[in-house]
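Subject: Structure handover

Hello,

Here is the structure for you to look at. My notes on what turned up follow below it.

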Amino acid sequence: HSVAAGHKSMASMEPATKKAKTEEAPAAAVEETPAIEGDDVVEHSMNINAAVDKAYEGKNFTELCEAPISALQGIAEWTDDLVSGFPRPVPLTIGKLGKWKYFLWARAITVLAEKEIEGKREKGISININKGLDVAHEHKSLKEICALPPSALQGIAERSDPDFASIRIHTIGDLGKWKFAHWAAAIVSMAELEHVDVSAHK
């Protein structure tokens, strides 16, 4: 009798356990609903308003890449006409400035010049950037190259030096550190990571 009673007791517990699970299901569903609704109303706070003019503060990174470089805060509109005379590919837009090979060359030179140790070139080493320099400067150190005018870069004529000077770029080092080109390069990189339709990615 005691065994039968034991079976009865276990049998009577099973429905209760199943019923408890059934009652918990609706509660779980109710808890998930606010989280889903919350995703729909999340406000993004990202902006680069201190880097662009007021008229462009509502633009996304992709749109900014197509904007003239004067859209960058601190660059006058007359600069758009000025750069139209720069060596090709002409950096007429923020996107093109961020990818402009002469800026990228100058940036690389200035970055690595800081790691150059004077008089420590190894014998027989072939390190050089001859494809990017005029022949007269191929033997110089990176630090010396930083002090040269932009026209020392292969492809930039001497007549362009005054144009660079008018936007406070007197040397290759200045070009490599030009903050507006750095901003442009950053915008280009960000555009590659951007979902144009924010609602499509949650």
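A cavity here is a set of grid points where a 1.4 Å probe fits but cannot get out. Please keep in mind that this is a predicted model.

By that definition, the structure holds 1 cavity of 30 Å³ or more. The largest cavity contains about 40 Å³ of space. Its lining consists of Ile69, Val83, Phe86, Pro91, Leu97, Trp100, Ile169, Leu175 and Trp178. By class, that makes 9 nonpolar residues, with no polar and no charged ones.

Now the chain as a whole. It has 9 helices and 0 strands. Of its 202 residues, 31% are buried. Take the contacts between residues at least 6 apart in sequence: 53% of them join residues at least 24 apart.

Which residues of α5 are buried? They are Tyr102, Phe103, Ala106, Ile109, Thr110 and Ala113. These residues cover an arc of only 130° around the axis, so they sit on the same side of α5. The background is simple: an α-helix has 3.6 residues a turn, so residues three or four places apart point the same way.

What do the buried residues of α5 pack against? Their partners are α4 (94-98), α6 (142-146), α8 (172-177) and α9 (179-191).

Best wishes

How values were computed
Residues are numbered from 1 along each chain as its sequence is written. This is a predicted model: local features need pLDDT of at least 70, side-chain atom pairs count only at pLDDT 80 or more; totals for chains, interfaces and linings use all residues. Side-chain values use heavy atoms; hydrogens and water are left out. Buried means under 20% relative accessible area, exposed over 50%, partly exposed in between (1.4 Å probe, protein chains only). Helices (H or I, at least four residues) and strands (E, at least two) are DSSP runs, numbered from the N terminus. The arc is that of the directions from the helix axis to the C-beta atoms. Contact means heavy atoms within 4.5 Å. On a 1 Å grid over the protein atoms alone, a cavity is a set of points where a 1.4 Å probe fits but cannot get out, and a pocket is an open set with protein on both sides within 12 Å along at least five of seven lines; lining residues have an atom within 4 Å of a point. Grid points are joined across faces, edges and corners, and a volume is the space filled by probe spheres set on the points. Ala, Val, Leu, Ile, Met, Phe, Trp, Tyr, Cys and Pro count as nonpolar, Asp, Glu, Lys and Arg as charged, and the others, Gly among them, as polar.
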